[in-house]
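Let's walk through this one together. Have the model open and follow along.

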Amino acid sequence: MTVGFVMMCHDALDRAAQVAAHWARAGCPVVVHVDRRVSRDLFDGLRNDLAAFDNIRFCERHACEWGTWSLVAAAQSGAEMMLAEFPKVRHVYLASGSCLPLRPIAELRAYLAARPDTDFIESVTTQDVPWTVGGLDRERFTLRFPFSWKRHRRLFDAYVRLQRRLGLRRRIPDEIEPHMGSQWWCLTRQTLSAILNDPRRALHDRYFRRVWIPDESYFQTLARLYSDRIESRSLTLSKFDYQGKPHIFYDDHLQLLRRSDCFMARKIWPRAERLYSNFLSDNLASESRAEPNPGKIDRIFAKAIERRTRGRAGLYMASRFPKDGWENGKTCAPYSVFQGFGDLFQGFEPWLHKATGARVHGHLYAPDRAEFTDGHKIYAGALPDTAALRDYNPRAFLSNLVWNTRGERQCFLFGPRDQQKIVEFLAEDPNASISIITGAWAVPLFRANRDFADVRRAAARLQQVESRQLAHLRRITTKARVRIWPMADFVDAPMEPLQSIIDEIGPRAPRRLTEAPQMHDLTGFGQFLQNLKNQGMQPYLMGDFPSGDETDAATTPEWRKPYLVG
Amino acid sequence: MLWRAFRKRRELTPVQDRTAAIGSRDILLFSTLRNERVRLPYFLRYYREMGVGHFLLVDNGSDDGSREYLAEQGDVSLWHTTRSYRKARYGVDWMNRLLRVHGQGHWTLSVDVDEFFIYPFCDTRPIGALTDWLDASGVKSFGAMMLDMYPKGPLSAHRYHEGQNPIEIANWFDSGNYTITKNQTHGNLWIQGGPRARAFLAGKPAKAPALNKLPLVKWDRRYAYTSSTHMILPRGLNKVYDEDGGEKTSGILLHAKFLDTMGQKAEEEILRREHFANGAEYKAYHARLKAEDPDLWCKWSEKYINWRQLEILGLMSKGNWA
């Protein structure tokens, strides 16, 4: 009792010959089906190569086209010949010319001999199949497909649509419950002959002839009628990409394939010399009696699909440049933007760095240069601080910075004195966390010893810029996390907002904030605002600061001391 | 485009035509060069090992022995011209001509002598594995960003020897300062940045050279490169990137221009006024090269290891190829 292979070939015939010879030498009969579209010369060459083996036969040739009945017809011819000419064969294994056995034949034989009545065929009902490409699952069995999908895609699609619209349906024969699965199976003589010798075979064949991709459903469905021991899995490791195209194995997959403990893999790149010479070598170590375990390979290919379809969030590069809204993340990691904090506090950046461990930059969008942390002229990824380069593409500047510093939280200062073009991007980025103390831009003006007419002009301009920016951030489309405090409120109770900021960034070890940054002396700030008003300007973004002595009383020396909170 | 290539056909005189030896599935390399004798041995070796089947080269008036050297190589077909590189639109017309005549139906690699193509798994799979996979996927063009490589220290501090891998010297690069915009007319991405933008053209970022390239194309008579290998027609071939968030498979062209041989080269190019935008790029370099023998290296430069590193850094992608 042994296993026989039906091998479907259409190209790389030299490799197919190598594998067929390998099986034949091990005493396993092989029936080869060669696509009729392969030239006579190539076919004769293959036949000559294998002429020395009396257990290799060539069956009737069909012209094979993907997705059509021809593939089933070819498998039928091969299987019929196998059953008729090699009576000792107990299991028939359907393989392709680009399959490669990964374990010694003896192991496969022993495995099958221990399971003499088991049919290994992936067979899943249409409701349970997640992997059909193109959305046709149940409809494969109920519509008609007279047009070639590969050559006449438009007609194919149009005819499917037409049938859907008209509600045209084929009747599924009574005894048939459609199942689908990998086209690479291993069936027992009993099941296979029952399928092929069934008195209703003509009826089955007539029905499946018009089903879409019948090689994934003909045997998979009919085996259910005759077998009472179906293992619904394929012994052949075969992975598909997101377009339904088989993944290909190369020399560098050698270790992976070896450790998979699968019996067979598909598809192998014909020039993968190391794979062929390793797995077809006669002294292939028979290390394991383990069950096939393709888990690791599954993960690698699942990752490839993920990369192709979703990509790496926040990455913009030569082969990934998402349209607006398709980025799966405009930047690759959360970051924080602080507005007004640098104006209100002394040494806010070192304080924040100390409290959170995050990287804290100055004003990255300052008019003259990007103020990287510690005065760097060039920063991670060789990003220069040059204003012209940054302003040439402000978005790329930020997404690059966040990408280049993956694994480390970035924070930076922003304000109405900075380049404003980035605001829109910040607002739309869910990774941005923006904290704003409105009106704090007035503090440097208040502290500067400048001509008051200049100060008034500057204040008017900054207020205008900031209010425009706030209007932008308050739009319904904003995805950033935005927190806004009028300066007066913030000054009143700074600890709570500061604590919430620290908590959000996530300090190295969660802890209570013990030290607040030092606030600038605001004595006289209320009067300063009043002076602006007196000059005809209306500073409203700061909130309510009482003018005159009252403010002075409020800004006791307490402000100048670091906070200590239990 | 095709008409231009046709008109330029007479500018090329065959020196050594071995194109009859090209096999139907050979991968072909096309290049134009001038006075690159010292770089040629390693260049040929690199691409032979990758699996290139035949080299189709245009020698634009070399006088350093490049022509004689190439004529001796069994897998090289060589044409010669002394016409203007600039008037042939920086060699594109010549390339299009050769591609049209000899490239039909082949995978073609169009690179300069200082460009080294890197693709996913290039250390374990020959280029034929990539092109077979692209064929199976129905993909006709393959994108690769040009990555400017530079040495640590002044250019003149390292001497390049014939036969040496230039990446041994110029083994540093900028990993994350590139900007991308989409060219709405031709559908290609326009990538700029890197050490040239950072060190030479910081004040004029718009003038920084384009780094997007399409070096690998399954050629068809109807195709034509329009601007170096940055763009190609028909425009569908430029879409080597995904716009729905996914990553397509892509490579890198390691650009080993910044060697000690460059100072001399730049001087020559200025005299010939044969480069882009009347050599705006070259003038900027030259000013720097002459004045201070620049060091492009900075503390954030990344040292080249292999393609996997470039993949992790996000400069290229395996995409769906595993």
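Taken over C-alpha atoms, the centres of domain 1 of chain A and domain 2 of chain A are 66 Å apart; the domain bounds come from an automatic or database domain assignment. This is a predicted model, where local features need pLDDT of at least 70, side-chain atom pairs count only at pLDDT 80 or more, and totals for chains, interfaces and linings use all residues. Residues are numbered from 1 along each chain as its sequence is written, with chains lettered from A and ligands numbered from 1 in the order in which they are written.

The largest nonpolar core has 233 residues, and Met264(A) and Ile252(B) are among those touching the most other members. Such a core is a set of buried Ala, Val, Leu, Ile, Met, Phe, Trp, Tyr and Cys residues joined through C-beta atoms within 7 Å, buried being 20 or more other C-beta atoms within 10 Å of a residue's own, with C-beta atoms placed from the backbone. Domain 1 (2-116 + 235-309) and domain 2 (335-560) of chain A both contribute residues, so this core lies between them.

Now for an open sheet of 3 strands in chain A, ordered β5-β12-β11 with mixed pairing. Strands are DSSP runs of E, at least two residues long, numbered from the N terminus, and two of them pair if DSSP finds at least two bridges between them.

| Strand (chain A) | Residues |
|---|---|
| β5 | 100-101 |
| β11 | 236-238 |
| β12 | 264-266 |

β5 and β11 of chain A are at the edges with a single partner strand each, so one side of each has no neighbour in the sheet. β11(A) and β12(A) pair in the parallel sense over 3 bridges, and Ser238(A) has Arg266(A) in β12(A) as its bridge partner.

Notes:
Buried ≥ 20, exposed ≤ 12 C-beta atoms within 10 Å, placed from the backbone. Helix = DSSP H or I, 4+ residues; strand = E, 2+ residues; numbered from the N terminus.
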